[in-house]
Amino acid sequence: MSTVHPPDSTDSTGTQDRPARLTVGVVGAGRVGPALAASLQLAGHRPVAVSGVSDASRRRAEKTLPGVPLVPPAEVLRRADLVLLTVPDDALPGLVTGLAETGAVRPGQLLVHTSGRYGVSVLEPALRAGALPLALHPAMTFTGTPVDVQRLAGCSFGVTAPEELRLAAEALVIEMGGEPEWISEENRPLYHAALALGSNHLITLVAQSMELLRTAGVGAPDRMLGPLLGAALDNALRSGDAALTGPVSRGDAGTVAAHIAELRAHSPQTVAGYVAMARATADRALAHGLLKAELAEDLLGVLADQETATGTASGTDADGHGHGDDEENGPEGNDR
């Protein structure tokens with residue numbers, strides 16, 4: 001079979017051109033892979049093979065990519081010029097090594113993974129076999145439904161690639177409707193942690209807030225929270241720490257103590273998270289001059305007492321960085 005060349009990035013006049021039409025394969029038919037393949041199909045590329053493990057992933061692939069055959073991973077690589085490796089982070093190194101050792105990787109083949117954690121170094125075994133390595137991570141949460149393809153429009157992708165493939169990687173992202181953002185190899189773990197902190201923990205906080213509102217007798221907590229959280233998110237993205245409001249940034253120690261007492265009575269599992277976030281908020285409000293030092297003393301005293309009671313060390317972050325354990329779920333707004 002002939003060697004595959006990376007997508008053309010410029011024409012003879014130096015103007016950026018569309019990538020050459022490619023056959024596309026997906027290894028790991030969770031939420032991400034079929035959606036990306038479908039977006040590439042809209043751009044003129046041709047999905048030719050998908051592999052999946054669970055019944056749910058197979059059904060999803062059949063729905064998102066109708067008519068595309070389900071085959072083993074090695075067969076996906078045999079058929080495709082561009083292969084999307086959309087498996088959980090922990091499974092990626094072993095998958096790449098196994099595919100390279102079995103001779104499934106072809107010279108000149110574009111091999112793309114969608115992990116936020118890794119750059120292209122994880123693809124080193126495939127690189128030695130002649131593959132062209134790309135790391136293209138969509139910073140978006142996936143539902144496993146057709147709406148995912150629409151959401152890719154304007155979605156930022158964390159892009160890492162060898163310098164000679166940088167334009168090709170960025171061109172593919174643009175064809176999927178995304179916006180490429182270059183992330184250096186050494187900064188991938190920090191980039192990934194930042195996305196997990198913002199997206200995964202937000203879902204936990206919102207879910208906890210909805211549960212507490214139901215306990216308080218609110219019939220439609222989603223309707224109540226929607227405008228409030230939408231405004232808070234918009235203000236935070238526009239103004240950063242200057243958007244901080246609420247009892248912590250005001251130094252209302254009595255209100256915070258009352259909150260903690262209510263949480264301890266009705267939802268004790270949320271106390272540690274509330275205290276940790278309140279302490280982080282207080283630190284940021286102090287640093288930016290929003291919380292007056294004379295009001296901070298009582299507030300920090302309340303939080304310190306609660307940190308001792310809950311066994312949380314002052315100034316430390318609660319562990320909450322979760323990863324998917326199968327091909328259906330993934331971290332940081334990238335559910336594979």
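# Close-up views of a predicted model

**View 1. Strands E3 and E4 in parallel pairing.** Strand E3 (residues 82–85) and strand E4 (residues 110–113) run parallel and are joined by 4 bridges. Two strands count as paired if DSSP finds at least two bridges between them. Helices (H or I, at least four residues) and strands (E, at least two) are DSSP runs, numbered from the N terminus. Leu-82 stands opposite Leu-110 in E4, and the bridge partner of Val-83 in E4 is Leu-111. This is a predicted model, in which local features need pLDDT of at least 70 and side-chain atom pairs count only at pLDDT 80 or more, while totals for chains, interfaces and linings use all residues. Residues are numbered from 1 along each chain as its sequence is written, and side-chain values use heavy atoms, with hydrogens and water left out.

View 2. Contact here means heavy atoms within 4.5 Å.

View 3. Buried means under 20% relative accessible area, exposed over 50%, and partly exposed in between (1.4 Å probe, protein chains only). The largest nonpolar core has 34 residues, and those with the most contacts inside it are Leu-82, Leu-84, Leu-134, Leu-136 and Phe-157. Two or more residues each are given to this core by strand E1 (23–27), helix H1 (32–42), E3, E4, E5, E6 and H7. H1 supplies the largest share of this core, 6 residues. A nonpolar core is a set of buried Ala, Val, Leu, Ile, Met, Phe, Trp, Tyr and Cys residues joined through side-chain atoms within 4.5 Å.

**View 4. Surroundings of Leu-82.** With neighbours within four places in sequence left aside, Leu-82 is in contact with Leu-22, Thr-23, Val-24, Gly-25, Leu-40, Leu-110, Val-112 and Leu-172. Another core, of 22 residues, lies apart from the largest one; Ala-49, Leu-95, Ala-104 and Leu-123 are among its residues.

**View 5. Arg-59 and Glu-62 in helix H2.** Glu-62 lies in helix H2 (residues 55–64), and Arg-59 is also placed in helix H2. Glu-62 counts as partly exposed because its relative accessibility is 47%. Arg-59 counts as exposed because its value is 52%. C-alpha to C-alpha, Glu-62 is 9.2 Å from Val-50, at 12 residues apart in sequence.

**View 6. Arg-166 over Trp-182.** The charged end of Arg-166 sits over the ring of Trp-182, 4.1 Å from its centre. A charge sits over a ring if NZ of Lys or CZ of Arg is within 6 Å of the ring centre and within 35 degrees of the ring normal.
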